[in-house]
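Colleague: I have a model open and would like to go through its side-chain contacts. Can we start?

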Amino acid sequence: MTKNFPQNTILEDNYVLLRPLQESDIENLLHISINEPETWKFSLVRANGKENLIKYIQLALKAKENGTEFPFIVYDKQSGKYAGSTRFYDINLAFKTLQLGYTWYGKDFRGTGLNKHCKYLLLQFAFETLGMERVEFRADNNNQRSIAAMKSIGCKVEGVLRNHMPTLGSEERRDSIILSILRSEWFDEVKDNLGRKL
């Protein structure tokens with residue numbers, strides 16, 4: 001639950017700014033939603049097209065209101081444009097665990113280093129401000145780009161949940177790969193290693 005989660009959390013460095021997602025951000029993300037529908041190829045909840053984007057943001061804000069998630073919009077300071085969205089979810093402050101995901105960026109922002117800046121700020125906040133013991137990541141086991149990105153920031157693979165989730169518009173079910181970073185790993189190696197890549 002996010003009862004004691006700082007509700008106006010803003011994270012930023014010289015490269016990127018993450019602020020709480022708002023309903024008005026539909027306009028800020030609409031160009032990606034309309035022009036790059038493949039962004040959500042591996043997602044069960046998609047934001048392709050205006051109608052889906054509106055639903056996507058409404059669901060995210062409802063989950064925030066319910067205290068289970070905290071969604072951000074990502075602003076790229078280098079280009080002066082909104083790049084995408086990410087969030088904390090399955091937040092359990094009592095157990096000191098959360099998941100980090102629902103991350104997507106427009107194609108112009110992929111491979112630019114933006115994701116590493118975002119993840120550094122989010123992980124630093126999770127471990128150093130919220131006092132988390134574990135941050136978990138999940139992805140479709142076929143989503144090689146996402147898996148490579150998670151490994152590059154220091155995530156360790158824990159295993160694969162077979163036949164874990166349905167896929168949108170198909171009878172097939174997906175396998176989900178589980179990765180994580182522990183508090184000790186953040187302070188012992190991940191923080192410094194990731195910091196050197198920024």
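Colleague: Is arginine 110 buried, partly exposed or exposed?

Modeller: Arginine 110 is partly exposed, with a relative accessible area of 24%. Buried means under 20% relative accessible area, exposed over 50%, and partly exposed in between (1.4 Å probe, protein chains only). Note that this is a predicted model: local features need pLDDT of at least 70, side-chain atom pairs count only at pLDDT 80 or more, and totals for chains, interfaces and linings use all residues. Residues are numbered from 1 along each chain as its sequence is written, and side-chain values use heavy atoms, with hydrogens and water left out.

Colleague: Which residue forms a salt bridge with arginine 110?

Modeller: Glutamate 36, with the closest N and O atoms 3.8 Å apart. A salt bridge here is a side-chain nitrogen of Lys or Arg within 4 Å of a carboxyl oxygen of Asp or Glu. Glutamate 36 lies in the loop between α1 (26-35) and α2, and arginine 110 in the loop between β5 and α3 (114-129), so the pair ties together parts 74 residues apart in sequence. Helices (H or I, at least four residues) and strands (E, at least two) are DSSP runs, numbered from the N terminus.

Colleague: And why does glutamate 36 count as buried?

Modeller: Because its relative accessibility is 8%.

Colleague: How many salt bridges are there in the whole structure?

Modeller: The search finds 12. One of them joins lysine 77 and glutamate 12, at 2.6 Å from N to O. Lysine 77 is in the loop between β3 (69-76) and β4 (81-92), while glutamate 12 is in strand β1 (residues 11-12), 65 residues apart.

Colleague: Which residues are linked in a network of salt bridges?

Modeller: Arg134, Glu136, Arg138 and Glu158. Within it, the side chains of glutamate 136 and arginine 138 meet at 2.6 Å, N to O. Glutamate 136 counts as buried at 9% relative accessibility, whereas arginine 138 is partly exposed at 31%.

Colleague: New topic. How many aromatic pairs does the structure hold?

Modeller: It holds 9. Rings of Phe, Tyr and Trp (its six-membered ring) pair if their centres lie within 6.5 Å; planes under 30 degrees apart count as stacked, over 60 as edge-to-face and the rest as tilted.

Colleague: Why is the pair of tyrosine 56 and tryptophan 104 edge-to-face?

Modeller: Because the ring planes are at 75°, with the centres 6.2 Å apart. Tyrosine 56 is in helix α2 (residues 50-66) and tryptophan 104 in strand β5 (residues 97-105), 48 residues apart. Both residues are buried.

Colleague: Which residues form an aromatic cluster?

Modeller: Phe70, Phe72, Phe88 and Phe125 form one.
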